[in-house]
Amino acid sequence: MRGRVGRAMMVFWKARLVILAVPKTGSEALEAALAPHADMAIRFPPFYRHMNVAWYEKSLKKLFLPRDKARLETLAVVREPVDWLGSWYRYRARPDLDGTERSTRALGFADFVEGWLAEPPPAFANVGRQSRFCARSDGSLGVDHLFAYEAPATLHAFLEARTGLAVRTERVNVSPPRDTALPVALRERLRREAAAEFELHARARR
């Protein structure tokens with residue numbers, strides 16, 4: 001029986017590609033398919049496996065700067081913002097978080113979203129933002145190849161062409177279903193106050 005695979009940032013040297021692991025975007029399934037072929041897969045410590053763009057450029061990028069070849073390019077997958085938040089909300093309702101400040105078990109999805117919009121967010125909604133994950137330290141987009149979670153065929157075609165590997169993924173680490181409906185007013189507020197998240201996802205869809 002195969003053990004549980006952790007999410008990882010993966011480096012493919014010959015393909016000149018670094019795959020960044022944006023949380024809650026299927027990175028665990030992608031790692032299960034590709035990690036055995038990667039030249040480097042950083043799983044631990046946890047804050048390294050989910051290294052964002054700014055941190056990668058500051059700390060690891062300088063290790064991957066060959067003198068006579070093209071630089072390594074970055075790839076990331078992003079998810080529709082409401083769906084992404086819903087995934088986090090469902091994930092944090094798991095039993096091992098019961099009684100902790102991070103648990104969402106006793107909360108409705110609207111409570112979670114309102115918490116996420118707060119500055120700073122409470123512990124249960126402190127899950128970051130996809131737009132910040134993909135941004136350089138100056139705020140500009142730092143990902144060379146951006147793909148939408150909802151269009152895996154496009155991602156797989158790119159990876160197969162780039163790496164020469166057959167990419168087949170299965171859904172793993174799926175959180176139990178919960179009601180993630182939002183009031184119209186809160187959904188509109190979310191689109192206003194988190195416009196960068198929706199713009200990033202629209203760019204990935206294009």
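Colleague: What percentage of the contacts in the protein with a separation of 6 or more comes from residues 24 or more positions apart?

Modeller: Such pairs account for 71% of those contacts, a contact being heavy atoms within 4.5 Å. The model is predicted, so local features need pLDDT of at least 70 and side-chain atom pairs count only at pLDDT 80 or more, while totals for chains, interfaces and linings use all residues. Residues are numbered from 1 along each chain as its sequence is written, and side-chain values use heavy atoms, with hydrogens and water left out.

Colleague: What makes the radius of gyration agree with that of a compact globule?

Modeller: The rule, applied to C-alpha atoms, is 2.2 Å times the number of residues to the power 0.38. For 206 residues it gives a value near 17 Å, and the protein has 17 Å, so the two agree. The C-alpha trace spans about 55 × 45 × 30 Å along its principal axes.

Colleague: How many helices and strands does the protein have?

Modeller: There are nine helices and five strands, counted as DSSP runs numbered from the N terminus (helices: H or I, at least four residues; strands: E, at least two). Their order along the sequence is β-β-α-β-α-α-β-α-α-α-β-α-α-α.

Colleague: Why is Arg79 called buried?

Modeller: Buried means under 20% relative accessible area, exposed over 50%, and partly exposed in between, with a 1.4 Å probe and protein chains only. Arg79 has 6%, and is therefore buried. This residue lies in the loop between β4 (73-78) and α4 (81-91). Its contacts, leaving out residues up to four places away in sequence, include Lys24, Trp84, Glu150 and His201.

Colleague: What does the side chain of Arg79 reach at 2.9 Å?

Modeller: The side chain of Arg79 reaches the backbone oxygen of Lys24. A polar contact is a pair of N or O atoms within 3.5 Å; within protein, one must be able to donate a hydrogen and the other to accept it, and residues adjacent in sequence count only if both atoms are side-chain atoms. At 2.9 Å, the pair is inside that limit.

Colleague: Is Lys24 buried or exposed, and why?

Modeller: Lys24 has 13% relative accessibility and therefore counts as buried. Lys24 lies in the loop between β2 and α1 (27-34).

Colleague: What is the phi of Lys24?

Modeller: The phi of Lys24 is near 65°, a positive value in a residue other than glycine. Most residues other than glycine have a negative phi, and most peptide bonds are trans. Arg16 also has a positive phi, about 55°, although it is not a glycine. Arg16 lies in the loop between β1 (9-12) and β2 (17-19). With a relative accessible area of 11%, Arg16 is buried, and its side chain reaches the backbone oxygen of Trp13 at 2.9 Å.

Colleague: Which residues does a cis peptide bond join?

Modeller: The cis bond joins Glu119 and Pro120, with omega about -5°. Pro120 is placed in the loop between α5 (109-117) and α6 (130-133).

Colleague: Why does Pro121 count as partly exposed?

Modeller: Its relative accessibility is 24%, so Pro121 falls in the intermediate class. Pro121 is found in the loop between α5 and α6, and it touches Gly115, Trp116 and Asn126, not counting residues up to four places away in sequence.

Colleague: Why is α4 described as largely enclosed by the rest of the structure?

Modeller: Ten of its eleven residues are buried, which means that α4 is largely enclosed. Among these buried residues are Trp84, Trp88 and Tyr91, and the buried set packs against α5, α6, α8 (184-193) and α9 (195-205).

Colleague: What makes Glu80 a cap of the N-terminal end of α4?

Modeller: A side-chain oxygen of Glu80 lies 3.0 Å from the backbone nitrogen of Val82.

Colleague: Which residues of α5 are buried?

Modeller: Phe109, Phe112, Val113, Gly115, Trp116 and Leu117 are buried in α5, and their cover includes α4, α8 and α9.

Colleague: What percentage of the 206 residues in the protein is buried?

Modeller: Buried residues make up 45% of the 206.
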